[in-house]
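Colleague: Could you please take a close look at the aromatic rings in this model and describe what surrounds them?

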Amino acid sequence: MTHTAQLSRRGFLQGALGALTLAVTSKGLVTTAWAAESGAQKYGADSMPGGTVDDPLVFVSIAADGTVTIVAHRAEMGTGVRTSLPMVVADEMEARWDRVKIVQAQADEARYGNQNVDGSRSVRHFLMPMRRVGAAARQMLEAAAAARWSVPVAEVKAVQHEVLHQPTGRRLAYGELAADAAKQPVPAGDALKLKDRAEFRYIGKDQVRLVDLEAIGKGQASYGMDMHLPGMVYAVVARPPVVGGKLRRFDSAKALAVPGVLKVVEIPPMQGAPAFQPLGGVAVVARNTWAARQGRDALEIEWDDGPNGSYDSNTYRQTLESAARKPGKAMRNQGDAAQAWAKAPEAERVTAEYYVPHLAHASMEPPAATVLIKDGRAEVWTSVQNPIAARDAVSARLKLEPAKVTVNVLLLGGGFGRKSKPDFVDEAAIVARAMPEGTPVKLVWTREDDIHHDYLHTVSVERLEAVLDKNGQVQSWLHRSAAPTIASLFSEGAKGQQLFESAMSAINMPYRIPNVRVETAEVEAHARIGWFRSVANIPHAYAAQCFIAELAHRAGKDPKDFALDLIGPARRIDPGTMADTWNYSESPERYPYDTGRLRGVIEAACKGAEWGRTLPQGHGLGLAFCYSFMSYTATVVEVAVDAKGQVRVVAVDMAMDCGPQINPERIRAQMEGGAIMGLGLAMVSEISFEKGRVKQSNFHDYEVLRHNASPRVIRTHLVNDDHALPPGGVGEPPVPPVAPALCNAIFAATGKRVRSLPVRKVA
């Protein structure tokens, strides 16, 4: 059974004595051989074809007993990355999966490069480095066997953990060859031979199950909440109820009188832009979490709410609507949309506004971190998407060199972008510093803490205006967003969405429209605005895809036919001067916007849903599509709406083109999860503010989609498994098309437009 373990780099290397160890670096492939009898190190390096391969250092080792150890340098939070990337290595090196051991890397930017699990980029950025290191190991084993037998290397072939001499049938196991293989030169350039697709054993197949599956199923997996150390104490924090608020005064006497409470620690207030800082407040430390929570409840605290104390969602929505109706900052300007609008007769003008509220990440596992400070070093155990940011926060807080801070990455019980912001790790470090040296401190957020103090997905009003001529052709398009920006996290007073946010399904539209203008309104943030699964694609795609369906209805055309005509024939769109922005900083040559692939997912989703069929009374089909994180997704939702306006989702058909399908089971799982999450955001989820405070507190009032509201049928359709293409993202692209497809289906069923989320009920 393939399994995972926590292991330091030193521990990994010590375990590799007498074995072949390979690494991918920014300079290419490196092999490090150890002579078991002396422990002497010998280094050899050769450059990779094409120069750099991103910046990770990924270790792969074959021990004398044949065990293949692969380091997972990115955190696992349900996407399957701790399985998919090692699986790629194992496939290329012809390793038996049951002989593979996976170890989770600690935070170490110098050794592993970018370890931030955000942006659906793990497979996108690391597929080829992983393939190369696996292929190099396979060829070095083959070369070692050929040398052992004194035969041409062309006569030998690696097959499932052995090297076979094809003319004679002789075999040598990987463990027998590992030490000799380490002495072979690392293949480079044209000498490095990747497998042909027909030779894949694991890539593109459903044969490999999650390495964490058995441990999760048996309750044996270690999440941040599961961490326990001898002598550990527990902490919870009373935080300012309003972002930017501060302590006026507090009295800890009653808290300290609670049995089990050990100490009360003041946490400094946030300064300037929020970034990943703690909000401030008062921590209560106790022998268990219950005592800590009871102590927190007993604190007498008076808060100064600060500048955001009057933040109110209803009032702010009016502010956004007002801003969306005025000219804003141009993010894209093609032709003359204003003139086309001014000249068009009233009958040809179409206008609509759409609203998306703040959303909370609400991962099943709230934030938690354990910190131990001892002998001038700090060690952290936590479930975090960005271990480097966590290490840097602790290093800065404790005034330690980064090398003296160890971050152990545990399994994440969900993340969605929240756990790449390590404010909770910083809080744990502050409390640990206040305790006697050598006392492990586990700081825990409750569900209420998580809902009240999240980095929220932005609230948004999207206004669209179009001119639709008498032939049903769109002549002009204006999309204006009014929403606080993620940039406000890092720049105090930053207003309005930035170019990178507008690029998410606003400026990078693929439609054949002569006059296009995209604008953003400069509005202030009054909460911590953070990235969230699929980020600004959610409000932008919601508005644009609902608007396209409205235009189709106005033109008297089928929504699918109208959309395909608007997209036009298959072609690659030249993003011009906005190349980096359109492509999430990826090369436009490597990742052009291919409308043929977009058309392909629309056709696949509609075929799966049997678009155009006769439906029962009160039923409707809705279509929406989106290009995000270098992948193409289309969704068709079928709904049934009863006489009381209650909406029931009957079925979801989702098609995705992410290029090469590395782990199809995980892709389908992400699509299914994205469908459920997208429906939850559309139908029940909402964060609202009153007097600067989040009104919701737990799953009874911040709802996620419950089982009885989930569709009984979710059909996934994987399109275009082309290994000549670079891989696209998978985790984030399923979410954006779901809400607009739902709302378009409601209109098809009832004739009523939904322009504000969550839906809950059709009036």
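Modeller: A charge is said to sit over a ring if NZ of Lys or CZ of Arg is within 6 Å of the ring centre and within 35 degrees of the ring normal. In this predicted model, Arg317 meets that description, since Arg317 lies over the face of Tyr355 at 3.9 Å from the ring centre. A further case is Arg528, which lies over the face of Tyr455, here at 3.8 Å from the ring centre.

Tyr311 counts as buried because its relative accessibility is 6%, where buried means under 20%. Phe689, at 6% relative accessibility, likewise counts as buried.

Tyr593 and Tyr627 form another tilted pair, with 4.3 Å from centre to centre and 35 degrees between the planes. Tyr593 is found in strand E26 (residues 593-594) and Tyr627 in strand E27 (residues 619-628), so this pair ties together parts that are 34 residues apart in sequence. Both Tyr593 and Tyr627 are buried.

Finally, ring pairs link three residues, Phe276, Phe490 and Trp531, into a cluster.

Notes. Residues are numbered from 1 along each chain as its sequence is written. This is a predicted model: local features need pLDDT of at least 70, side-chain atom pairs count only at pLDDT 80 or more; totals for chains, interfaces and linings use all residues. Side-chain values use heavy atoms; hydrogens and water are left out. Buried means under 20% relative accessible area, exposed over 50%, partly exposed in between (1.4 Å probe, protein chains only). Rings of Phe, Tyr and Trp (its six-membered ring) pair if their centres lie within 6.5 Å; planes under 30 degrees apart count as stacked, over 60 as edge-to-face and the rest as tilted. Helices (H or I, at least four residues) and strands (E, at least two) are DSSP runs, numbered from the N terminus.
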